[in-house]
Each structure stands twice: as structure tokens, then as C-alpha cells.
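Biologist: I'm new to this one. Could you walk me through it and tell me what the labels rest on?

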Amino acid sequence: MNGTTSAWRRWPVIASMVILAVYLMLALAGTFLGDQANVADVTRTLRPPSAEHLLGTDGEGRDVLSRVSVGAGISIMLAAISVALGAAGGLIVALACGLGARWLDRVLMAPMNAVLAFPQLLLAMAIAIALGSGLTSAVIGIVVTIIPVFAVTLRGEALRSRSEAFVEAATTIGLPRWRIALRHVVPYLGTTMTVQIAANFGSAVITLAALSYVGVGARPPTAEWGAMINDGLQHAVSGQWWVGVAPGIALLGLVIAVNIFTDQVRARRRPAGW
Amino acid sequence: MFRDIRQRLLASAVTIVLASFVSFVVLRALPGDPARLIAGPLAGPETLAATRSSLGLDRPFFAQYGQFLWNFVRGDWGYSFSVGDEVREALTSRLTATLELALYAFVLAVVGALVCASVASFRPGFRRGLVRLFALVGLGSPPFWVGLVLIVVFSSYLGWWPGPSGRLSPQLYPPEPVTGFYTVDFALHGDLIGVSDSAAHLVLPVVSLALLPWAFLTRLLTANMADTAGQPYILVVRSKGVPAWRTHVRHVLANSLLPTVSSCGLILATLITGSVLVETVFNWPGVGAMLTEGISAQDFALVQSFILLSAILYVVGNLVGDAVNRMIDARLRTPGAAR
Amino acid sequence: MRPRAIAAAALAGVLALAGCTADKLGVTGPAVSRGADSAPLQVSFASAPASLDPAKSCTGEDRQLLNSLYVRLVDFGAEPGPEGTTQIDYSTITPYLARSWDASDDGKTYTFKLKTGWKFPSGTPMDARAVEFSLERALKMNQCGAVILHDLYTDPPLIKEIEAPDAETLVIRLSQPDPQVLAALADTSGGIVDPSLVKANGGVVENEGNAWMDSHSAGGGAFVLQSYAAGASAVLKANPDYGGLPPASKEIRITWVTSPSTQLLNVQNGTTDIAYGLSGSALNSLKSDPKVRVVSYDDTQSMLMTLPNNQEPWTNRDVREAVVKAIPTEDIIKNVVYGFGKAYYGPIPPSMPGYSEEHGRPVATDVAGAKALIAKSGVRTPIDVTLDILAGDQNQKALSTVIQSALKEIGINVSVRTLTSSAWNDAVYNGKSQASLRFDGPALANAGYYLQYDEACSSVGSFNTGYICVKANTPLLDRARGTADTSERDELYAQLTENWVKEYPRVTLYQSLTPFVLSSSVRAFHFSSSYDMRTWAK
């Protein structure tokens, strides 16, 4: 950031950090609750929010707040894993395409484009079902659809790096290609990677929820937000709004905080943008 | 230049064939037994065997794939057992519903983004903050949840627009199909009640569907406009005495459109994906719900044909986006600029 | 910029129009009336049929339109139901296209005399030859319809021969006496199709379905299918050529609404007159709504948890008994399905003739007893079990959660597997599932048919998905199925139930009390599990 940065410009970062910290604490609390949040108690179903149950109970008599916090852990962890794997895969493909032979580029980019040509959610859904519904399958489905996104963006940057002086210099002195890739190109891709990772984290959270929402992600009774929103749908119009609205707001808050954070990372790189 | 075009077309063809192959493989990897589902729990072994052979499942894998491609090209898209109709019939009747939704959402997203980005990038202040906040919210909202909230607030509670009752109030008859778009067809027949009723049914699903692409485009365009606004030539234009707002629209906006135009293919893909979720919430009789059901039932013919179709759509969209880009931006026309 | 500006203006215009006319249209109230008497009856179902072919009709969904579109030889009777409606009476068979019939003394030959002058909309006469064609078609196609028409007698098949000596006479010869064949003919599978239409659209192929018939009607019933968008909507119009009493409604519009909240909203704002398939909590919220009535009917469907008796840990009788005793069925009925279920335990649900009050009582929940049984069984805890449920089924999801919590108490860890329809059918009907939730009832509401496919030792591995085989019951079932004497039959079923219950072969969660939502404008409603809409009206 440049010198004109004032506290006024910095507050979004602080706010997003605070929100993210709250989510992490929520997730931590959730891990202590563990299985307890899944135990059904049919004697206290659909209670409205009260002092005892701050966000009420759901159709099976489980405390919505506990489930939202367990869900925070699940969403954050799995989205992080999906994005990390997707980024790693995308990076490898991009390096091979950008620095390797031209035929390699063609061979690798063809399947990338094919995957991009799919309706993303449908592909993730089909993969998740094929592997047997569950969170792991959902993560694999998401990773497969994320890899090409990273690969395409990073490949462009990698290609550009070839004409950069430091890469040309390294090539001239005869360094092996993999060393150039690791020592020079990867750091060059760093900022783009960071921005992409942050941007895809938010969408991974949403896709995960969407998969559970359509019923191919989390298995019941896992407290995943998308599955909870789906549960809430049937109660929403009969008056028990809290079952579906609470996890939705939690999801929204997390993605917004992450996006604000992403913006700031991006702004650091390019002060003019937002 | 021609070599470039030829290469691009070849690459596009490869993409389409690969996408269809992937879908073919993945669908067959799904667990389950479609023959059992079709023939029902009471079916005996002969019926199961006959069902399998009528689906072509007893033939070698590549023979099945070749047959599928050949039939698709010939226009025979097979029979969808989960819908109980020809795939072509099922897709075309439902695709128009999805397209009507998606196109209105597309227009809303693009127009909304143009207006909001122009306002937001004009000068810093309250408006910019507001647009930025909304864009952030939009980017973070899962469409199925937005749909739910909109229904609860605007349909259930306020009663402004109809809730999830499909394309038309049940007491109205669908118009004679001309384009398949209810709003347009009603207008062509001069039925005003029909136009307003079908438009009213569009409002909430269109808004839920448009929110995400709108937020994406607004952010993209605003960033680009802010970039452009800092360029020296804009200063030159201003110094010639052109009013600020006019400069902003005629020069800053016009010069920032490129990335927006080229991302339109992507936006269309987002809309198709998003429609899968939104259609379920609004009971919209489009392809979305039919496809999720089709995947669940392992309805090979239906899902394969749709994926092949949407891959073609995506590729063509990309080609058109590129062509438009080239028309707008002379720099891209130099041969060899794109690898 | 120009075209874009026009598009923007157009959209703004349309949206504005939508906004300002929404109220006038009364989208939230009972709306544009096109004359009260001609207003179509609006019906909504939760799940849609995959086929409209009577020869296929496998599931409850497949049956939704069939009795409105097709005529059958005979029909079931009607009896008064709750709140001024009527409901199906499975114990009486009434004439439909047949005006009378006779059974030979050995019970193996049935001769039907048909009404004259009935015809299909195409002009083809609906005579004995059409009936012969229809029944033989269903048998040849060998889909669900054939299995039902044979009343599950597969070896040798029940129906040996069908003959039409003249246009008014139809003779059906059986391989063994079966008084229930009339019920089979009254089922949707006995629908009479127009031979000329079938022949023109694909004909009859052995062991295969007919694609055209999946989405078209070849019937001459009370209604014609005016339009049909598979999975979305259908319009039924009164058939002017129908030979019977004209239907009570001139037009019925059917929509299939997959989202439960949508269905509820449409009921609340009055756009739906008759709705079926709402969730328990939605129905519960409608109980206080003055604009609608929620009427529930004793149905033959039950929610079951199968414990395939050939699989671990279910080979152990004590483990099965423990599971039955650990699951709080009364609480489930009260709080999960909101009272739309009836508790019982046994092979035959209370709604079906043959139910034994004495032996079919519900089992009281007894967690301590269940724990003791597990200890006694000698099976090491924790026991891991995978329970298969159907994706998208909210009710099964809620039930599986409750079952999971209940069985955890006695040391059984249940992991729930949500399967797509294709995978679920494969797992459950191809015998790959360790445990499953199944909402199921017989196509023919008689205990003989039901037990033959669900409990008979001879059906293990084909229809008998629970792998239930109580050896002592085999002769009892055979005798009960062959007898026409109802008191003897009931006695046999009571004995059979007694033997069955001792084995605890599965968990019976509840028998469905099928709820229909009727708006206050609905004048007449008749309940049958195959949704005969001829008398429905508002």
C-alpha cells in the first residue's frame, strides 16, 4: 500500500480479519461439540430461538447454533483443502504448459478446456455421485473443477514469465528447466496464485454447500451448511425460518469476509483496483 | 490469420469431443443399475436383460460411445426414461424455459453491472461504498439460498410477486409456442395479462440467478474503469472541456469493456449452472431439475446429450467472445499474438 | 450502445409491468376467473410418473393418471371416508366395462360379459377384442403390469389364456384357482388400450416397454390427455366419447411440484385445490388454516426399515429384536411425521384385511431391554451398520437421523448412505444393501399378494428385499392365498403373524395415514391409492 493509506482505507481488512477470527473460534467450538450436535431429540423439535437454544432447534430437535458452528469447521477446512489441492494441481499443469514443449502444452490444455466446457456444478455432482456421496467425494469433485481454473490463469502468467529478463537470463546460463520453474517462475506466479486462491476459496465454500444442498455432499447427519439450508427449505414457508436462514447467513458472512480479504490482497498488488 | 482460425476451430472440436467423452465415462461410473430402475422392482431376469439390451448397455464401451456420437450428429438423441419422452423433445421443451430465465438474468446482470460500475467508479464516496458492499454480498450468496429468502420475503410475507409456481399462474394457459419464451409469445399474441403474469413469475428467479454474475461483472468493470480513469488520455479528453460524466461514459466505460465482453461466455456458463439450483427452488420447469433427476437416475441419453450441447454452447460462446474482442481491439488482430 | 439500451429499456418495461399488474392479477389470491363452473380443478403431486403406460405402472407415481385415462374390466367399490369424502373399498369388486362375470366351479375359468357401445376417441370399438389385446400386450411386455396381472404367480404364470369368442364375451383361463384375479384386473395394470393407436406407435415388443406409451394416452377413460409435459404438468379434459358416467370435473390440471415448500405455498395462496405429497411439518402448519382441510386416509403403504436377514449382524435374531425395541416408533410418529402414521408390528398393516389385532400390536420401546438383548446376542459392540436412504427424501433423512441416535444407545453405529434413485434401486432390489429405509406398499391391497412378494421364502432374492423367510409360514400363506373363505383366511393370517413377530424380521416404523390437502372449495373427493379422479370436483 502506498503512503496515502489511511485508517479509513484499512478498516475493511481489519473487519474481515475480525470476522474470520470469529469464524475460526466458532469452528473451534464446533470441534469440541463434535458428535453431540448430531444427536436427534424428537421431544424438542422446531423450537424457536430462545435463551436455551439461541438459534432454535431443527426438525430433529438439534440445536441450530451448535450445528452452525460445527458446519463452520467443516466448510473452512474442506474449502481450504479443495483450493489447496486445486491450486497445486493447476500450478503443476501451468508450469508444464508454460515452460514445457509446445506439444505438451497442447496435450495438457485439451482436457483442461474440456473440463471448463462442462457446467461446473453438474460435473462436480456427477463425480461426487460416482465416488459415492460423501464429503470426500464432494471435495474431489470440486478439485477436478478448480484445477483448470488455476491452470488457465497461471499458464498465461507462466508464458509471460518466459519473456521476463530474469528467466531469460537463467535460461542463457543453462540452468535446468525444473530449477528455473521452482526458483524463478513459481515466485513470479506467487501474487496471482494468492489472489486466485482467496477468490476460489469463497466459491469452493459455496460449491460445497451447493453439492450438499442437492444431496450429493455431506451425508446425514453431518452438520454441513448446504445440507442444513436444504433441511431448512421445507420449514421456511411453514414459519420455522431459523432452520434455513441461520446457516445461510453464516455462509454469506464467511464468503463476504474472505472476499473483502481477497480484495485487499489484490489492492496491495494493484493499488488502483478494488 | 486463417491458420490461426483453423487452429482455434480444431482446438474447439477437440474440446467438445473430450467433454462428451468425459461425460460418457463419468455417467457410466455412477453407481446403480438403470435397467433395474426402469424395469421396476418386480421385473424378472428376462425383462432386465431386454431392458439392458434396448439401452445398448450390453455392447462394448467404445461401440456405445461411437453410436452415441453418430446418433447425436444425425439428430437422434435417444430416449430419456426418467422423463418418459424423447431427449430432443424433453430438452427443447424445457430448454426454452431455462433460456428465458437465463437470458433475462443475463440482460439484468449486464445492464445492472454497466450502470452500477459507472456510478461506482465515477468518484469515491457513499455510492461507491454501497455498490461495493452489494457486490460483495452478491458474490457471497449461494443462489439457492437467495431464492429461498426472496420467496419468504417478497412472496410469502409481502406478496408482491408470485412465489415458486413455475412460469405462469395455474389458471392461465401457456401461449401457442412461437419462440418458446412466454413473455415474447404472449406479446406476439397481444395477450397483456399473459405478458404481465409470465413477467411477474420471472422477477424473483431472475433476480436470484442474476445476482452472482451481476456482482462479478460489477467488480470486474469497476476495477477496469478505475484503471482506465487514471490513464493519461482520459486526462487529455477532460482537459479538452468534455464534461466529467460524459467523459466517464463515452471514454472510460467504452475503453474498459473488453474484459467484460470476453467474460460473457463464462457468465453464460455460470447462469446455466446457477439455473440448476434456482430452478429447483422456484419449481421452474427448465432443464435444471430434469438434469439433477437425470443424473440421479443414470439417464445416460439425457445427461450426455445435454452436456454435449452445453459444451458446444460454451465453445461457440468463447469463439464469438474472441471474435468480438478482435473486432473491438485492433491489437489482438496481429497474427501470432495469441499462442 | 444502442441495442443494449433498447434491451435495458425493454427489460425495465417488462419488470415494471410485472410489478404493477401483479396485484391486479391477484397472484396471491384466487385469481383470474374464467367463469366459476369452467375453472379447472388444480391438482399438485410431489413426484411425477416415469411412464403413463398401464402395462408398466410400477410405482405409486406411475399410477397417478392411469385410472382417469383408462377403462378397466372391473373396478373396486367405494365406501364413505372421513369428512364427507369417499374412499376405495378393496373388498368389493364392481362392474366397469364388464357388466357381469362368472367363475367356473374349479375357480380356473372366468367369463366376462361386456357392455356394448363403448369406444375409444379414435372410433375403435372398446370390445372384448380390445380387452384381449390389452391384457395380452401387458403380459407379453413382461413389465410390472404383467407381474401384477399374474397376481405374482410366476411359475407357472397365473393367466394361461385369454379369449374373445365374440365382441361381448371375454374368457380368462387360469393355471390355478385365484379369487384375487379380479382385484388384479381392477388394478391400473388392467387398463384397456386402443389397439389401433398402439399398433401405429411401435406395437408390442416382447419383454420391452413402449416409449410412445410412456408419454401418451391410448385410453378411452373418463378423461383424455389434452397436454402432457413429462415431469412438469398435464391437462386432463373430460372425454365426450366416454361410455360411463361423465366425470365430475370438465378439466383437471395436474402439476408436479418437486419442492415441498412450493407445494405448501401454492396451497396457502389458493392456487392448488388438491395436493398430495407435502411433508409432515408442512401439513402440521396447515392444520390451523381455515382455507384448507387436511384429510388423511388409512393407506396400505408402510415405512419400513429392512434388515436383510441373510446379512450380518441381522442373522442374529436377538440383534434384530434389540433394534426393533430400541427405535422409538411412538415418538417418531408423533414428532417426525406429525401423527400421519399408525403404529403396528407385523407383516400385515392394520388397513389390510387379514391384520391381526392380537398379534400385530406395536412393540413398546424398551431401551434397557434392547441393551440386554445385545449383550445376550453375543455380538461384539460397537456394531457398524450402513443404512441406505433415498437422496432428496426429507422424511427418510429425518427418520435416519433419529434411528441413528436411537441405535447408538445400544451400541450400533449407523452410518447413513444417501443414494441416488438408480443406486438405491440397485442396492435394495439387487440385494446389495445392509439396511434400508423403504416406503412401500403392495400394488394390490391384499395380504396374499403383499406377503407373496415381501415375505415368502420363495421370493427371497427376487422381490423379498428383507430376505425374510419364516419357514412355518410357507404352507399357511399358500393356503390363505387359495381360499375364498374370509374367516379361514383371517385365521391363517393371524397364525402367520404370530410366527412372524417372534422372529423380529424387520423394523416396522408405521403404516401411512396418507394425507391429502383439500381446499375448502373442493366438493367431492375420492381416495384410492391409484388416484382415480373421476369424481374429484370443486
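Modeller: Start with chain C: the end C-alpha atoms of residues 93-453 lie 23 Å apart, and that span is 32% helix and 25% strand. Helices (H or I, at least four residues) and strands (E, at least two) are DSSP runs, numbered from the N terminus. This is a predicted model, where local features need pLDDT of at least 70 and side-chain atom pairs count only at pLDDT 80 or more, while totals for chains, interfaces and linings use all residues. Residues are numbered from 1 along each chain as its sequence is written, chains are lettered from A and ligands numbered from 1 in the order written, and side-chain values use heavy atoms, without hydrogens and water.

Biologist: Why is B:Leu158 called partly exposed?

Modeller: Buried means under 20% relative accessible area and exposed over 50%, with partly exposed in between (1.4 Å probe, protein chains only). B:Leu158 has 36% relative accessibility, so it counts as partly exposed. Its place is the loop between α7 (143-157) and α8 (182-188) of chain B.

Biologist: What makes β4 (98-103) and β6 (159-166) of chain C edge strands?

Modeller: Two strands pair if DSSP finds at least two bridges between them. The open sheet has four strands in the order β4-β5-β7-β6 (chain C), with antiparallel pairing. β4 and β6 of chain C each pair on one side only.

Biologist: How do you know that β4(C) pairs with β5 of chain C?

Modeller: Five bridges join β4(C) to β5 (residues 109-114) of chain C, and the definition asks for at least two. Within that antiparallel pair, C:Ala98 stands opposite C:Leu114.
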